[in-house]
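Sequence and model come first.

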Amino acid sequence: MPTPKRISVVLPFYNAEATLERAISSIALQDYPNFECILVDNNSTDKGADVARAWCEADRRFRFCREERQGVMFASNRACEEAQGAYLARMDADDRAHPSRLSLQAAFLDHHPDYGAVAGRARHVGNPKTTAGFSRFVDWSNSLLSYEDIYNRRFIEAPIINPTAMWRRELMESHGLYRHGDFPEDYEMWLRWLDAGVRIGKVPEVVLDWHDSAGRLTRTNERYSDQAFYRIKSRYLAHWLRQYNPHPDDTWVWGASRISRRRARMLEKEGVRIAGYIDTKETRQLEASLMHYSQLPTAGRLFVLSYIRQMDNRDRIRSFLAERGYREGCNYLMVS
């Protein structure tokens with residue numbers, strides 16, 4: 001019986017005839033030889049399955065299977081169930097892995113036995129006129145390398161770009177894989193694993209070209225809407241606050257705009273009591289308690305959740321809080 005490969009690359013696809021060759025070729029050209037790649041056809045109606053089968057016939061490192069339940073979550077989990085490797089690496093059908101991706105990430109896990117998963121930096125590929133928002137997200141994600149940054153800033157956005165991830169087999173056996181629901185399945189999994197104490201890091205190298213397009217699921221499916229993201233992050237944030245918030249009766253939201261208040265109400269539905277709002281406008285009229293940011297006491301008297309989304313303002317708030325002795329993850333969190 002052949003010896004199981006050390007790394008299993010899981011690659012689900014649906015109607016990916018136009019891009020699948022590029023994705024599979026990038027895996028075949030990896031400088032780490034000891035891998036297998038599980039190609040899962042999720043009911044494609046184009047010739048993507050023919051592309052996958054041709055690769056499997058030509059290169060025994062590739063294996064083909066089908067998943068009849070429609071959805072990337074089902075197809076991804078099927079690939080993981082078929083995988084035999086000690087490490088599993090996620091890959092998308094429209095992206096391109098850099099040649100050293102597997103070797104870099106396997107080396108990280110080899111040398112960091114206390115880490116359960118590792119990701120890497122990505123290069124955004126897309127039309128700058130129509131995908132500028134995704135480009136900014138990739139830049140932000142690429143800035144998070146340490147476990148501490150990933151952990152403390154996981155409620156801002158998804159800190160891991162899904163097709164850059166690699167994890168240990170025992171992790172999915174202990175904490176489960178992608179779940180089905182009205183939420184982004186990858187973000188929910190990262191939140192769940194981090195909530196369970198799993199350490200996740202990143203290699204500093206770019207390991208993937210992340211191709212953005214108008215048809216990408218993150219743009220077209222309701223499970224990846226802003227509301228879905230805030231709904232699932234509110235659930236895990238509330239759970240964290242119940243365990244670690246030193247001031248459960250004095251939690252203040254920075255950001256008193258209508259949008260910030262609407263997002264914060266999702267947290268209240270999860271049982272979190274919001275004492276009031278912090279804002280830069282002294283004249284804003286609210287029924288709730290309002291504090292001008294200049295009146296914010298020094299650290300140790302309340303907990304701050306910042307719902308300010310603009311990146312520049314987020315950095316200013318972080319610097320302002322640091323001047324008053326606030327520590328991220330201890331006295332405040334950025335959640336937008």
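## Charged links

A salt bridge here is a side-chain nitrogen of Lys or Arg within 4 Å of a carboxyl oxygen of Asp or Glu. By that rule, three salt bridges cross the interface of domain 1 and domain 2. Arg 231 and Asp 182 form a salt bridge through their side chains, at 3.3 Å from N to O.

## Basis of the model

This is a predicted model, where local features need pLDDT of at least 70, side-chain atom pairs count only at pLDDT 80 or more, and totals for chains, interfaces and linings use all residues. Residues are numbered from 1 along each chain as its sequence is written, and side-chain values use heavy atoms, without hydrogens and water.

## Domains and contact

Domain 1 spans 7–224 and domain 2 spans 226–334; the bounds come from an automatic or database domain assignment. Their centres, taken over C-alpha atoms, lie 32 Å apart. Domain 1 gives 22 residues to the contact and domain 2 gives 21. Contact means heavy atoms within 4.5 Å.

## Buried area

About 1900 Å² is buried between domain 1 and domain 2. Carbon and sulfur atoms give 57% of that area. Buried area is the accessible area (1.4 Å probe) that two parts lose on being put together, summed over both.
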